[in-house]
Amino acid sequence: MKTVTVNIVTPDGSVYDSEVTMVIAKTTSGEIGVLAGHIPMVAPLTIGSVKLKKADGTTDVAAVSGGFIEVRPEKISILAPSAEVASSIDIARAKEALARAEGRLQKKQDDIDFTRAELSLKRAMNRINVHEGNI
Ligand code: ATP
């Protein structure tokens, strides 16, 4: 089966660089599955999981906090404000972030705090889901 190089890049550097047969990502208009040789495309991503299917039958999973997927026939780049592969997620930290965000959402001081807390909650829940394999 044909493979394509996938690179997941954040402002801190590359967090994933591997050959895969298929990428499944969550764009703002829905989930997409991209195979090697796909026509060029750019799409914004939501906070969510990215599944990376490999030629040996295994699947890597990463949590991404938005950003973009750029598809070219020979390379797929995911550019995200933050991203972690499942094995590098600190579950205790994500649970603490979730509890903090829930506390802030209950106070509801103003719209800015609310939006920030909501995004923080989504990032934390995404990390927990990816770590636990609920994707
Ligand atoms: P926190 O409040 O715990 O910092 P956050 O959602 O505000 O969470 P981000 O701003 O998305 O964090 O990320 C900041 C940096 O910390 C990034 O490099 C990100 O990959 C890393 N990071 C955040 N949470 C975790 C986690 N639970 N496990 C591993 N790395 C994490």
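The ligand lies between domain 1 (4-86) and domain 2 (90-132), because both give residues to the shell around it; these bounds come from an automatic or database domain assignment. This is a predicted model, in which local features need pLDDT of at least 70 and side-chain atom pairs pLDDT 80 or more, while totals for chains, interfaces and linings use all residues. Residues are numbered from 1 along each chain as its sequence is written, and side-chain values use heavy atoms, with hydrogens and water left out.

The shell has 13 residues, of which E84, D90, R100, R123 and R127 come nearest to the ligand, a residue being counted when one of its heavy atoms lies within 4 Å. By class, four are nonpolar, two polar and seven charged, where Asp, Glu, Lys and Arg count as charged, Ala, Val, Leu, Ile, Met, Phe, Trp, Tyr, Cys and Pro as nonpolar, and the others, Gly among them, as polar.

Among the polar contacts (pairs of N or O atoms within 3.5 Å), a polar side-chain atom of E84 lies 2.5 Å from a ligand oxygen, that of R123 lies 2.6 Å from a ligand oxygen, and for S82 the distance is 2.9 Å.

Key
Polar contact = N/O pair within 3.5 Å; in protein donor to acceptor, adjacent residues only side chain to side chain.
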